[in-house]
Amino acid sequence: MTSPAASRAARLRAVHPMLWTAFAALATGAVLCVIGWYGISGERFAERQLPYLASCTVPGAALIVAGAVLLAHGRGALAAARVEELYALLVAVEGQDPAAAGAERATGPVATSDELRAVPAGTLWHRADCPLIAGKPEAVAVDPAAPAADGLTPCPICAPPGPRPQEPPASPESPESPEA
C-alpha cells in the first residue's frame, strides 16, 4: 500500500506530461495554421487554396483547440494536487504521517493547558496551547474567574475551562390588565 505522500507525488508527476502534450499540440497547431495561411496567400484561385485548408489550417485549428483543452485540464489537476499537498502539510503533526496525524487528532484533545489567553481585539478566550493562538506573542493572560465579564466567549476549538456565557433570562410576560 502506498503512502498518501507518495500518491500525491505520483499525481503531480502524472500531470506534467499532460501539460507538455498540451504545449506541443498548441505549438504544432500554430505552425500548421501559419503554413496553411502562407500556402493560401500565394494562390489566387479558391480551388488551389482548398488543399492548404484541408491539410494545414483545419488540422492546425483542431490541434489548437485540443491543446487548450488539455492545458485547462492539466492546470486544474495540478492545482488540485497542490491544494491536497498543502492541506496534508497543514494538518500534519511534525514528524508523523498525515494519515496518522488525522487519527490522533480525532481521538485526542486539541489543547490541554489550564492557562487562559485572549488576543486583545478578539472575542474568544482560549487555552494557552490552542492552535488558534499558538505562536501569537500578542495573546495576553485572561482572568479565569471572569472571562465572560470582558465580553469574551469560549473558543469552540479548545473548549477552555471557565464560566460559560449565560442565556439572557426570558422576559416575564406582562400580566394581562383586568378589564373594567
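Helices (H or I, at least four residues) and strands (E, at least two) are DSSP runs, numbered from the N terminus. By this count the chain, shown here as a predicted model, holds three helices and four strands. Reading along the sequence gives the pattern α-α-α-β-β-β-β.

Residues are numbered from 1 along each chain as its sequence is written, and side-chain values use heavy atoms, with hydrogens and water left out. In this predicted model local features need pLDDT of at least 70 and side-chain atom pairs count only at pLDDT 80 or more, while totals for chains, interfaces and linings use all residues.

Confidence comes first. The pLDDT, which is the predictor's confidence in each residue from 0 to 100, averages 75 over the chain, and 69% of the residues score at least 70.

Next come the surface and the contacts. The chain exposes about 12500 Å², of which carbon and sulfur atoms supply 64%; accessible areas come from the Shrake-Rupley method with a 1.4 Å probe, and for residues only the protein chains shown count as cover. Of the 180 residues in the chain, 20% are buried (buried means under 20% relative accessible area, exposed over 50%, partly exposed in between; 1.4 Å probe, protein chains only). Taking contacts (heavy atoms within 4.5 Å) between residues at least 6 apart in sequence, 57% join residues at least 24 apart.

The unreviewed UniProt entry carries the annotation "transmembrane region" for residues 18-40 and 52-72; such annotations may be inferred rather than shown by experiment, feature names are shortened, and positions are given in the numbering used here. In the model, residues 18-40 are 100% helix and 0% strand, with end C-alpha atoms 33 Å apart. Residues 52-72 are likewise 100% helix and 0% strand, and their end C-alpha atoms lie 29 Å apart.

Two residues make friendly examples. Leu53 is found in helix H2 (residues 46-91) and is partly exposed, with a relative accessible area of 33%. His126, in strand S2 (residues 124-127), is classed as buried because its relative accessible area is 5%. Leaving aside neighbours within four places in sequence, His126 is in contact with residues including Glu115, Arg117, Cys155 and Cys158.
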